[in-house]
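Open the model in your viewer and show it as a cartoon. Keep the selection tool at hand.

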Amino acid sequence: MIRINKYLADSGVCSRRNADKLVEEGRVKINNVTVTELGKTVNENNDTVTVDGIAVKPVKNYMYVLFYKPKGCITTASDEKGRKTIFDYIDLKERLFPIGRLDYDSEGLLILTNDGALSQKISHPSNEIPKTYIVKVEGDMPEHKLAQLRKGVLVDGEKTKRSKVKLLEYSEDTKISRLEVTITEGRNRQVRKMFEAVERNVIFLKRVAVGELRLGGLKRGGYRLLKDHEIEYLKKM
């Protein structure tokens, strides 16, 4: 017997956290009975589990994909507003879900998988997985503002953890600063809000690395399977 959120994650439906949301929204059934308890357990051998009427079973073969998310699409499987999603770019029969997310106006590295356990491990805040971004903001970035960002700023009423912030260049012609930022948290729109806290507007945001995994030569909308040593690296993070 396993908990319903783990069963759904092992089935490649979504992460455990999002599985709880599916239960709360009344979209999950066990033996044709809608699940109402987050801690409900499932008998893998005898029970039938459906999500939105579609039967799901734990995955036997895991897949790990590195994807270059373009700007102008969202990280969910569908969108009520009819916007593009990352799955408009990925032509694979396996049902994958992203580890973490990038907002609509941001681009860069996303890892997709049907390995719910790995997703849970990488996403959990206690593991503090470093994520690196290239950021462009309007205006210059004097040292005192860089120091504020490194020490932590208030975002949604809570101070961010220490981060690495490096000014790469400032253009006098365009009045735009380009920076490299590494954070170990994953709050909603965190990098954008960090710069808002020091009165700077982000005009470009690209995630270039998760830990030691980097985009490399991928083009926007491109993807590739992770290599064995990259998978092992993620599992050891």
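This tour goes from the whole chain to the cysteines, and then to one arginine.

**Stop 1: the whole protein**

Start with everything selected. This is a predicted model. Colour it by secondary structure: there are 6 helices and 17 strands. The C-alpha trace spans about 65 × 40 × 40 Å along them.

How does the radius of gyration compare with that of a compact globule? A compact globule of 237 residues would have a value near 18 Å, and the protein has 20 Å, which agrees.

Next, look at how the chain meets itself. Take the contacts between residues at least 6 apart in sequence. Of these, 64% join residues at least 24 apart.

**Stop 2**

The protein exposes about 13100 Å². Carbon and sulfur atoms supply 45% of that area. Of the 237 residues, 45% count as buried.

**Stop 3: the cysteines**

A disulfide is a covalent bond between the sulfur atoms of two cysteines. How many disulfides does a search of the whole structure find? The search finds 0.

Select Cys14 and Cys73 to see why. The cysteine sulfur closest to that of Cys14 belongs to Cys73, but it is 19 Å away, too far for a bond. Start from Cys73 instead and the closest cysteine sulfur is in Cys14, again 19 Å off and too far. A disulfide would need the two sulfur atoms within 2.5 Å.

Are these two residues buried or exposed? Cys14 is buried, with a relative accessible area of 8%. Cys73 counts as buried too, at 0% relative accessibility. The cut-off for buried is under 20%.

**Stop 4: Arg200**

Last, select Arg200. Find it in the loop between α5 (190-197) and β15 (202-210). Is Arg200 buried or exposed? Its relative accessible area is 16%, so Arg200 is buried.

Finish with a distance. Pick the C-alpha atoms of Arg200 and Ser177: they are separated by 9.9 Å. Along the chain, Arg200 and Ser177 are 23 residues apart.

Conventions
Residues numbered from 1 in each chain as written. Predicted model: local features only at pLDDT ≥ 70, side-chain atom pairs only at ≥ 80, totals over all residues. Heavy atoms only, no water. Helix = DSSP H or I, 4+ residues; strand = E, 2+ residues; numbered from the N terminus. Rg over C-alpha atoms; globule rule 2.2 N^0.38 Å. Buried < 20%, exposed > 50% of the residue type's maximum accessible area, 1.4 Å probe, protein only. Contact = heavy atoms within 4.5 Å. Areas by Shrake-Rupley, 256 points an atom, 1.4 Å probe, with all protein chains shown as cover.
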